[in-house]
Amino acid sequence: MPKLMVLYPYPADVEKFDRDYDEDHVPLVNTDTFPGLRKFVASKGVGTPAGTDPKYYVIAELHFDTTDDLQKSATSEGAQKAVEHAISISTGGEPVFIIAEEETRTFERAESA
């Protein structure tokens, strides 16, 4: 399943970013703005194994059925406005945009002895 990933650098102003992202940006992520969108997932970086702030604060994933669907959606007028908005709210620097193919593996949980 192809996806568009948006990696937001750790913000200079976390409270402002959270407010702008939650109240203004997330509502832009829908099937009207991104035709063909199948799933939206956002993960917030809360730390690193070393105990430091992560390089990226939010990683957003927009999933599509095909790469063609993703490309068509990304060039839509609504998507372009959403991208401009993403850049405007990213107080830690410009977000990174990546097209990726997801590979999923699941594992059974081992029984305790």
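Guide: We shall discuss the sheet and then the helices of this predicted model.

Visitor: In what order do the strands of the sheet come?

Guide: The order is β2-β3-β1-β4, in an open sheet of 4 strands with antiparallel pairing.

Visitor: Which strands stand at the edges?

Guide: The edge strands are β2 (37-44) and β4 (96-101). Each has a single partner strand, so one side of each is left without a neighbour in the sheet.

Visitor: By how many degrees are neighbouring strands turned against each other?

Guide: On average the turn is 20 degrees, with direction ignored.

Visitor: Back to β4: over how many bridges do β1 and β4 pair?

Guide: Strand β1 (residues 2-9) pairs with β4 over 6 bridges, in the antiparallel sense. M5, for instance, has I98 in β4 as its bridge partner.

Visitor: Now the helices. Which strands does α1 lie across?

Guide: Helix α1 lies across β1, β2 and β3 (56-64), and runs at about 20 degrees to β3.

Visitor: And how do the axes of α1 and α3 cross?

Guide: The axes of α1 (residues 14-25) and α3 (residues 77-89) come within 10 Å and cross at roughly 165 degrees. Angles over 145 degrees count as roughly antiparallel, and α1 and α3 are therefore roughly antiparallel to each other. Their crossing is right-handed.

Visitor: Which residues make that contact?

Guide: From α1 there are F17, D20, Y21, D24 and H25, and from α3 there are A82, H85, A86 and I89. These residues divide into 5 nonpolar, 2 polar and 2 charged.

How values were computed. Residues numbered from 1 in each chain as written. Predicted model: local features only at pLDDT ≥ 70, side-chain atom pairs only at ≥ 80, totals over all residues. Heavy atoms only, no water. Axes fitted to C-alpha atoms, helices over the stretch in contact; angles between N-to-C directions. Helix = DSSP H or I, 4+ residues; strand = E, 2+ residues; numbered from the N terminus. Parallel < 35°, antiparallel > 145°, perpendicular 65-115°, else oblique. Left-handed = near helix turned anticlockwise from the far one by under 90°. Contact = heavy atoms within 4.5 Å. Nonpolar A, V, L, I, M, F, W, Y, C, P; charged D, E, K, R; others polar. Pairing = 2+ DSSP bridges.
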